Amino acid sequence: MTEHPDLAALQRRLAAFAAARNWQPYHTPKNLVSALSVEASELLEIFQWLTPRESARVMRDPDTAHRVRDEVADVLAYLLQLCEVLDIDPLAALEAKIDRNEQRFPAPGDADS
């Protein structure tokens, strides 16, 4: 099994990549959110006219699977760069959001509801 880098390591690689190309002036929150939206739209485009059944099988076609993985990577890259620029810990933000959602939307039959 291949060991994967953690999010902080990936953020450092993305920052180093941008720094080596002097792209930091362009990596403003506005620009990163815009790029994130574009990449999410490119991911959506793959699924746009598929039926629910076809969308569930999208990874069976190697060419389409490759496109999906690339767009997912692009979305994640811009999201991680945005988090870096805004000093957001993405895992802590997600954990806090899940906590809030569990309070807002209790599962049916929960004793606390």
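Let me begin with helix α4, where Thr64, Ala65, Val68, Glu71, Val75, Ala77, Leu80, Gln81, Leu82 and Cys83 are buried, buried meaning under 20% relative accessible area, with exposed over 50% and partly exposed in between, for a 1.4 Å probe and protein chains only. This is a predicted model, in which local features need pLDDT of at least 70 and side-chain atom pairs count only at pLDDT 80 or more, while totals for chains, interfaces and linings use all residues. Residues are numbered from 1 along each chain as its sequence is written, and side-chain values use heavy atoms, with hydrogens and water left out.

What covers those buried residues of α4 includes α1 (7-20), α2 (29-47) and α5 (90-104). Helices here are DSSP runs of H or I with at least four residues, strands are runs of E with at least two, and both are numbered from the N terminus. The 25 residues of α4 (residues 62-86) should span 36 Å at 1.5 Å a residue, and the end C-alpha atoms are 36 Å apart, which agrees; the expected span is 1.5 Å times one less than the number of residues. Just after α4, Asp87 takes a positive phi of about 55 degrees.

Which residue does the side chain of Gln81 join through a polar contact? The partner is His27, at 3.2 Å, where a polar contact is a pair of N or O atoms within 3.5 Å, one of which, within protein, must be able to donate a hydrogen and the other to accept it, and residues adjacent in sequence count only if both atoms are side-chain atoms. His27 is found in the loop between α1 and α2, and it counts as buried because its relative accessibility is 18%. Leaving aside neighbours within four places in sequence, His27 is in contact (heavy atoms within 4.5 Å) with Ala18, Leu32, Gln81 and Val85.

Turning to Phe17, we find the charged end of Arg21 sitting over the ring of Phe17, 3.5 Å from the ring centre; the rule asks for NZ of Lys or CZ of Arg within 6 Å of the ring centre and within 35 degrees of the ring normal. Phe17 counts as partly exposed, because its relative accessibility is 40%.
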